[in-house]
Every structure is written in C-alpha cells, then in structure tokens.
Amino acid sequence: MESLQALESRLRGVCRASGLEPRRIEWLPAALSLRRFARIHTASRAAPTAVARIETPEDPAGRPAGVAPEPPHEPIRALYERAGLPVPRRIGGDPAHGIDLLEDVGDLSLQSAAGGLAADARTGIYREACSLAPRIQAIAPAPGVAAFTRTLDAALFAYKADLVARYGLAARGRAATPAEAAVVRDAFAWIAAQMAAAPQRLAHRDFQSANLYVREGAPHGARVWMIDLQGAFLAPPEYDLVSLLRDSYVELPEDEIAAHCAAVRPALPDAPDAETFARRFDLLTLTRKGKDHARFLYAARERGDERYLAYAPTTVRQLRRAAARASQRDARIADLAALLHELPESPCAR
C-alpha cells in the first residue's frame, strides 16, 4: 500500500495537472467503506478547495461472493450531470490510481443539517431530496454505464439475509439457531421474488442523509447535492426512498414519512398505486435496514469500529415498524417479524 507521504505527493500532482496549486491536504473522516477522501486547499480563487476521492482495496465482505466490486465513479457521475442532477463537478483525476478530484460540496450533510431544523424547514429540505428520486429513475439506459447492468437481485438479497442471520440476530446476545437463520433466508428469498416482479429503475443505492449535502445559500429547489454515486443499480422504484426516509441516521416522524411518500409517489415514472408502493416500501425496509443493522454490528465485531453502534437503536425501531406492517399484509413475513421484534435497541455484548 502506498505511504501517506507518497499518496499526498500524488494528490498534489493531480491538482497541478488540473490547474490548481495545492496548499494543504486535510484528510476527512472515513465511513463504513474503506474508500478515502481528502480536502485539498488550493491557491485558486475559482476552486479554493477540492475533494480527492481515492479508491482503496475493498472489504470483500461488503458484497456477495462472486459479485464484481463497485464500478468506478465515472461515467455514472457524468451521466447524472448530463441529466441535470446535482452532483459534484469533476475537476481532474488519475484513473490509473483510482483518484478523482471533485468539486467540494462542503461539510453540511443532510444528516448534520436535519437535527437543527424546525419541522417546516426539515420538511422542505426533505421534499427537495425526495424530488431527486423521480429524476434519477427517469434517466434512460446509457451504453457503457455499468449501473444499468447491475440489479438488486436474488444474490444481493441472499447476501443481506446472511448478514442479518450472522450479525444482526447476534445483537440478542447469542448466535442465531439454524432454524432462525432459515427463517431469515426464506423470508428474504420470498421478498426477492416479490421485488423481481416490480419495475426496475435506476437507483442511487445509498440515498441516505449522509450522502446528501446541503449547499448553504443555494435557492430552494437547488439545495440538495448527491455524493457517493458509484453504487448505482436497477431496483424497484421505492428503493432510494426507503434509504432516505427510513434512514438509520435521521429518524423522521411517521407523519412526515407518510406525507413525503404520498407527495412523491405520483411523480415516479411508474407511479405505483398507494398500496403497491406501501407494500414494497415496507418489504424493502426489512431487507435494507436489516442489512444496515447487521453491517453496524459487523464493523464493531470484525473491525473494532464501534462508531455506528450509535445508530443501531434507530435502525431497530425502523425494522420493528416495517415488520409490524408487513406481517399484517403478508403472513409469509410473520416469523421474520417475530425475530426482528426480539432485537434490542442496544446490542448485547458478547
């Protein structure tokens, strides 16, 4: 692995090749992925700062066995940009070394902003965020863009089921029994079949508050920007909205979630009816939030990274609410719902 000194020298070279004279490199906190980010302070008035996005060898536990790693940031970023979506401009880069030099969208994530907003202001900014989902879904397939060959398929659901059985259920203070693991696998496989029958639309895939940034001073309707774009794939229309409205990092009131869903649903290209939307929304919540909860526990147990355990209580509450509704609609979910209701909000030590 390249030393920090060598990497910083490389970043300075990328800046200079892009017409920017670097002054200082500021390393940004890491997230759950192993990818690295640095803010580069420059002598340029036009771009006093830029953000370097640096690919690193990934954790193979973050995807199903046999599935290729996430594709590069380009060309999906450029496709979003051409569609008029709010994404950082690419300033330059070094593709051979996995470096993209991007416009700096600032430090104010929606996750950080939401907690300090009054209800009306929060509703407004989330309305803007929700309005991006139909625009993403309206993008037509483009040649050479890997996102259109990647899908939320049975293998991904099985991977999520395995994480929930191995790590999520261990939050109860004991390992899942073979019968309990089978309940999770069977329920997720059934959900996978239901989702395969849904329309498949382009999704950001990680459309949550930590990956949406608020541009301070921007006019209403142009305040929310998207980052972390490379994971895009095809999924049911509700997928990105689940990621945003059933977020682990920001717990919105139920009436706000319902209002956002009611407002955005008719704007989706497929405009699903209210019951179909609600059913898929809850089933996707079970698999998405189940995976997120398990990943938080995986990071703590396997990497010693306990930062995300703080978000386990919110995630468990999201799971319980979705499980209650989904099991009332579909008896096939009842056994899974019972297991999810056993999850403590704070994981038991093992």
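Predicted model: local features only at pLDDT ≥ 70, side-chain atom pairs only at ≥ 80, totals over all residues.

**A helix pair and a glutamate**

Mentor: Start with helix α10, residues 312-329, and helix α11, residues 334-341: their axes come within 9 Å and cross at roughly 155°. Angles over 145 degrees count as roughly antiparallel, so that's the label α10 and α11 get relative to each other. As for handedness, the α10 and α11 crossing is left-handed. On the α10 side, the contact is made by Leu319, Arg320, Ala323, Ala324 and Ser327, while α11 brings Ala334, Ala337, Leu340 and His341. Sort the residues in this α10 and α11 contact by class and you get six nonpolar, two polar and one charged.

Now hop over to Glu256, which sits in helix α8, residues 254-264. To place Glu256 against the chain, take Ala326: the two are 70 residues apart in sequence, and their C-alpha atoms are 19 Å apart in space. Is Glu256 buried or exposed? Its relative accessible area is 11%, and the cut-off for buried is under 20%, so Glu256 counts as buried. Leaving out residues up to four places away in sequence, Glu256 touches Ala119, Arg122 and Thr123. With Arg122, there's also a polar contact between the side chains, and the distance for that Glu256 and Arg122 pair is 2.2 Å.

Methods
Residues numbered from 1 in each chain as written. Heavy atoms only, no water. Axes fitted to C-alpha atoms, helices over the stretch in contact; angles between N-to-C directions. Helix = DSSP H or I, 4+ residues; strand = E, 2+ residues; numbered from the N terminus. Parallel < 35°, antiparallel > 145°, perpendicular 65-115°, else oblique. Left-handed = near helix turned anticlockwise from the far one by under 90°. Contact = heavy atoms within 4.5 Å. Nonpolar A, V, L, I, M, F, W, Y, C, P; charged D, E, K, R; others polar. Buried < 20%, exposed > 50% of the residue type's maximum accessible area, 1.4 Å probe, protein only. Polar contact = N/O pair within 3.5 Å; in protein donor to acceptor, adjacent residues only side chain to side chain.
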